[in-house]
Number of protein chains: 2
Amino acid sequence: MIDELSALRRIKERLNYIGKGVVVGIGDDAAALSTEHNSLVLATTDSQVEDVHFLKEKISPKDLGRRALAVAVSDIGAMGGVPRFFLSCIGLSDCVDSDFFECILEGLALGSEEFKVIPVGGNITSSGKLFINITVLGEVEPELVVRRKGAREGDIIYLSGTVGDSALGLRILKRGGNTLEEDSFLIERHYRPSPRLVLGRELAKRRLATSMIDVSDGVILDLERITVEHGLGACIYIEKIPLSYCYRKRVSDFAPDPYELALSGGEDYELLFTVSKERQKEIEFVSRMLGIQVSEIGYVTGEPSISVLSLHGGEKRIPYKGFIHLRK
Amino acid sequence: MIDELSALRRIKERLNYIGKGVVVGIGDDAAALSTEHNSLVLATTDSQVEDVHFLKEKISPKDLGRRALAVAVSDIGAMGGVPRFFLSCIGLSDCVDSDFFECILEGLALGSEEFKVIPVGGNITSSGKLFINITVLGEVEPELVVRRKGAREGDIIYLSGTVGDSALGLRILKRGGNTLEEDSFLIERHYRPSPRLVLGRELAKRRLATSMIDVSDGVILDLERITVEHGLGACIYIEKIPLSYCYRKRVSDFAPDPYELALSGGEDYELLFTVSKERQKEIEFVSRMLGIQVSEIGYVTGEPSISVLSLHGGEKRIPYKGFIHLRK
């Protein structure tokens, strides 16, 4: 077991980077950050809670730390911003020993380097269950912010990367799996999500995306958030949903409908965004330039509902709509 | 029980203020905030966890919401800053029904008005135990930031208000108390702390405080943080520690030494700060002007240790040093 003071001391030793803009970092009442003139501060907060977002016995503490940060910086990317700083509030249970805690910090430090986001403060508390709350502050030029609203009827809907991998990885884990070669990839996608910071930023800089969100609760639910909640709707084609090779190979052992998990599973942290028809060519260019797969999956409609169509005709019914905390 | 979507909808309805500087508020991936030119963003994060910081059956949910915010804005005040925005991450357990949740929001809304701090985002998650994590962003002019370090040998040490009330209030609660008139005041001080934002700001604007901290873990432990951790020390006089009338009346029923709780109890959220000898008169003026009691309790020394002296001669031994999470 580790006590608060040792934990704080270790945080200061392990995470006390001084970077550009950090006027006061870890170890004071609050962090003091200078911002460039004419830029916006972006702020987001997210928690990973034991037995809700992860099982302490299943995830490595290093992945846990990195993942908590990845999930939070992803929100900054989905606004078209650049993550700059983070604060962590860690609730430690009696079962967390100092090795485990050290590995959480290692994961946070890894993520910090990977996402170029500087730790600037935080807090340690005791807690019945382990949790990690991460607050990320980022920056974006006011004229480049990409919001959830902003899509117009007729805009094309795009999705980066592939979806469903994380949800399938979790199912494999729950079954006690990881027997096949494909399993490792899917489990990796669950434990080590890659927020699409570079793509989000490029789409913002070119003012290409009219609306954008990161897929955390499943494509359908997050699609509702950028269309239906703003009086619009969407038609998407089921066959256009981007699925990975490993997902295609393994999904039949876990679900009769290969698209169910892909559309409703969540925790993909891919970008879902809309672009006006006139600028489709530019998306293809950006995708090639960055080497990131971007798939057209449908278009925005004027009716506030989501239709899932088949290229061969007909409409699909989606069994359920994504992950909602505390829903019975 | 309340589900995530209803909870989010209620937050948007109840807390979706649009204030100056909020370019994007609640309901997007991150909050976008504009800052004045040449000012610093201050950021702090704090959690209140069930069975650690509060007992769900004992505290009213309204006080719980307000208190979570008060504790976090207090850190901004202790830097000499002005709190501007906050994000909340709430972990809801199955036992939280919508009435209880509504009252937490009511408390957050109350605090929001009282401390003039605008809610700009957050997150809801499920959790075995209820917790509220608050991140506050504030602003301060770069030349006015008051840090924990900065005190010099010979500086006078001051404390605002009175200390020990909150710790004594908690002991009364634990004994199932609130029988005497004085008890209500002490319990109120525990449940409804008043962060010293106005005083902290005034001290910063006048560049009066050479170092400052808010008393969250007890006077002795927090005094170490502004002296011993920076190679200095302190001598304080036990009889100069400011105690309230109610505390003096009730403490003997709970502790043989009236100063034990006052010096080590914590959760007072009063300001502990140092001032150079030459500027003592100004402190008296500020105290009178704001109508806030400020007491001289001792002075900064060059030896890295804390001595507790008596005006009648002799040194006191303090039984323990403040609240440390997870310490056995």
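Biologist: In this predicted model, which residue of β2(B) does Val24(B) stand opposite?
Modeller: The strands to look at are β1(B) and β2(B), the latter covering residues 31–34 of chain B, and two bridges join them in an antiparallel run. Across this pairing, the residue of β2(B) that stands opposite Val24(B) is Ala32(B).

Biologist: What is the order of the strands in the open sheet of six strands?
Modeller: The sheet has mixed pairing and draws on strands of chain A as well as chain B. From one strand to the next, the twist averages 25°. Read across the sheet, the order is β5(A)-β4(A)-β6(A)-β3(A)-β2(B)-β1(B).

Biologist: Which strands stand at the edges, each with a single partner strand?
Modeller: A strand at the edge has a single partner, so one of its sides is left without a neighbour in the sheet. This holds for two strands, one from each chain, namely β5 (118–126) of chain A and β1 (22–24) of chain B.

Biologist: At about what angle does helix α3 of chain A run to β4(A)?
Modeller: Helix α3, made of residues 98–114 of chain A, lies across β4 (82–92), β5 and β6 (131–140) of that chain. Its direction relative to β4(A) is given by an angle of about 170°.

Biologist: Is Thr135(A) buried or exposed?
Modeller: Thr135(A) lies in strand β6 of chain A, and among the residues it touches are Phe85(A), Phe86(A), Leu87(A) and, from the other chain, Thr45(B). Because the cut-off for burial is under 20% relative accessible area, a residue at 0% relative accessibility such as Thr135(A) counts as buried.

Biologist: With which residue does the side chain of Thr135(A) make a polar contact of 2.7 Å?
Modeller: The residues that Thr135(A) touches include Thr44(A), Thr45(A) and Thr135(B). The polar contact of 2.7 Å joins its side chain to that of Thr135(B).

Biologist: How many of the residues of helix α7 of chain B are buried?
Modeller: Helix α7 spans residues 219–226 of chain B and is mostly covered. Its buried residues include Val219(B), Leu221(B) and Ile226(B), together with Asp222(B), Glu224(B) and Arg225(B).

Biologist: What is the handedness of the crossing of α6(A) and α10(A)?
Modeller: Helix α6 (residues 197–205) and helix α10 (residues 280–290) of chain A pack at an angle of about 145°, with their axes 11 Å apart. The contact is made by residues including Val198(A) and Glu202(A) of α6(A) and Ile283(A) and Met289(A) of α10(A), and by class it has seven nonpolar, no polar and one charged residues. The crossing of these two helices is right-handed.

Technical notes. Residues are numbered from 1 along each chain as its sequence is written. Chains are lettered from A and ligands numbered from 1 in the order in which they are written. This is a predicted model: local features need pLDDT of at least 70, side-chain atom pairs count only at pLDDT 80 or more; totals for chains, interfaces and linings use all residues. Side-chain values use heavy atoms; hydrogens and water are left out. Axes are lines fitted to C-alpha atoms, for helices over the stretch in contact, and angles run from 0 to 180 degrees between N-to-C directions. Helices (H or I, at least four residues) and strands (E, at least two) are DSSP runs, numbered from the N terminus. A crossing is left-handed if the near helix is turned anticlockwise from the far one by less than a right angle, and right-handed if clockwise. Contact means heavy atoms within 4.5 Å. Ala, Val, Leu, Ile, Met, Phe, Trp, Tyr, Cys and Pro count as nonpolar, Asp, Glu, Lys and Arg as charged, and the others, Gly among them, as polar. Two strands pair if DSSP finds at least two bridges between them. Buried means under 20% relative accessible area, exposed over 50%, partly exposed in between (1.4 Å probe, protein chains only). A polar contact is a pair of N or O atoms within 3.5 Å; within protein, one must be able to donate a hydrogen and the other to accept it, and residues adjacent in sequence count only if both atoms are side-chain atoms. Lists of a residue's contacts leave out its neighbours within four places in sequence.
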